[in-house]
Amino acid sequence: MSDSLENYKRIKNKRKRKKKHKKLKITLSVILASLAACYLLFVFSPIPFIKKWRTIYIETAMTTNSHKWLATYFIPHYIIDEVMAERDAQEAYQKKLQSSWDNTKDTTTTQKAKTEEESFYEKYWELNSASFKNFLASHSYYLNNGYDNIDINNIDNSYSIATTKGDEVLAVDVPNNTIIIGIKGDGYVAKLAIVKNIDQVTIQTSQYIGSHGETAGVYAQRYDAEVVINASAFRDAGGHGSGGLIRGACVMDGVETGDPERSFWKFVGLKNDNKMYVGNYYQINPSDYKWGLEFYPALIVDGQNVVDGTYGMGIQPRTAIGQSRSGDFMMLIVDGRQVGYSLGCTVSDCEQVLARYDAYQAMNLDGGSSAIMIYKGEQITKPSSVSSLGRFLPNALVIKKAQ
């Protein structure tokens, strides 16, 4: 009797195991079928929304030095080639671009004398005057030495100060002609520094150029800088990130110190007339320039948007610079590759931010894990590099304090 009971239990348990295995197989089959359907939908669907994000995914992977496999491993090459062909077409268009400044008008007019307050708000037109006046009403001590000596550090966003465009004002340093603006876009966080005196803008190279670069913080400390951002791209032989070799042209005081690309890259530099020009390196005379760099693409030339969408570069951390018709110099750093904080943005997003603050010429520079901004010795952006201090840079755009 006991043997029969044992046999019954064994048969029952066996049936249970078979049912469980059958359920597991069905579950796995459903999961695999769902994944296959998702794969086919993502890779081959013509639906505009899916196609847009597939394109951005491919561009982002293909323009990241060490992560191209994220696209090539499972997306057919002909689809990748179709996406990158659009970038080739834009490169051909960019090749023809050249700044002229011919469209600028002489705005010099005889004006009545202005009060110190009026001059301040004219110079710092980016400040929402109502917002700033409300701030000063409750923090009047900032005016103890007059408008020319206002120095507000709001990097931690303790105060509610807005720009005329609705962004956050993070710092106003009148003695050093600088304003820092916090930008929040669709999926990204950025900092925009605007310097009112172009003579403060310089390029400085690593003390160990040819061997290795230095972090942005080191440049800031050495030059007691107002603002520092990354500048040139660099050759990364062996993938060690030493940052010792400049990639692309780098003009300093009329002398070429870099390694011109002579490809689809664009040159951007400050001529001796204190105007920033975008063009092709092979068409310029380095001696005409105080400083200059090469990268791609151009964003704004003579007030016109010259970049469309992603330019085949996807969503990444970004570095971009610009100059307004009045001479203000702009530096934009976009944080990226950090889920839940900031993924990065397209080059078109950079163009839109700089255009919003009246850039007349603008250029995208090497971003990625090199993108970083230092303000008064404090790192105010979050690099995506392995080190929280940012990468070793062969050179940097250094905004010196006013004389």
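Biologist: In this predicted model, which residues does glycine 292 touch, not counting residues up to four places away in sequence?

Modeller: Contact here requires heavy atoms within 4.5 Å. With residues up to four places away in sequence set aside, glycine 292 touches Ile203, Ala249, Cys250, Val251, Phe267, Val268 and Gly269.

Biologist: How far apart in space are glycine 292 and glycine 269, C-alpha to C-alpha?

Modeller: Glycine 292 belongs to strand β13, which covers residues 289–295. Glycine 269 is among the residues that glycine 292 touches. The two are 23 residues apart in sequence, yet their C-alpha to C-alpha separation in space is 3.6 Å.

Biologist: Is glycine 292 buried or exposed?

Modeller: A residue counts as buried when its relative accessible area is under 20%. Glycine 292 has a relative accessible area of 0%, and is therefore buried.

Biologist: Which residues have the most contacts inside the largest nonpolar core?

Modeller: In soluble globular proteins, nonpolar side chains tend to be buried together. The largest nonpolar core of this model has 80 residues. Leucine 192 is in contact with Met331 and Leu354, among others, when its neighbours within four places in sequence are left aside. Those with the most contacts inside the core are Phe132, Leu192, Ile321, Met331 and Leu354.

Biologist: How many charged residues are in the lining of the largest cavity?

Modeller: The structure holds 1 cavity of 30 Å³ or more, and the largest cavity contains about 30 Å³ of space. Its lining consists of Lys95, Arg262, Ser263, Trp265, Asn280, Tyr281, Tyr282 and Glu294. By class, the lining of the largest cavity has 3 nonpolar and 2 polar residues, and the charged residues number 3.

Note on methods. Residues numbered from 1 in each chain as written. Predicted model: local features only at pLDDT ≥ 70, side-chain atom pairs only at ≥ 80, totals over all residues. Heavy atoms only, no water. Helix = DSSP H or I, 4+ residues; strand = E, 2+ residues; numbered from the N terminus. Buried < 20%, exposed > 50% of the residue type's maximum accessible area, 1.4 Å probe, protein only. 1 Å grid on protein atoms, 1.4 Å probe; cavity = no way out; pocket = protein on both sides within 12 Å on 5 of 7 lines; lining within 4 Å. Points joined across faces, edges and corners; volume = space filled by probe spheres on them. Nonpolar A, V, L, I, M, F, W, Y, C, P; charged D, E, K, R; others polar. Core = buried A, V, L, I, M, F, W, Y, C linked by side-chain atoms within 4.5 Å.
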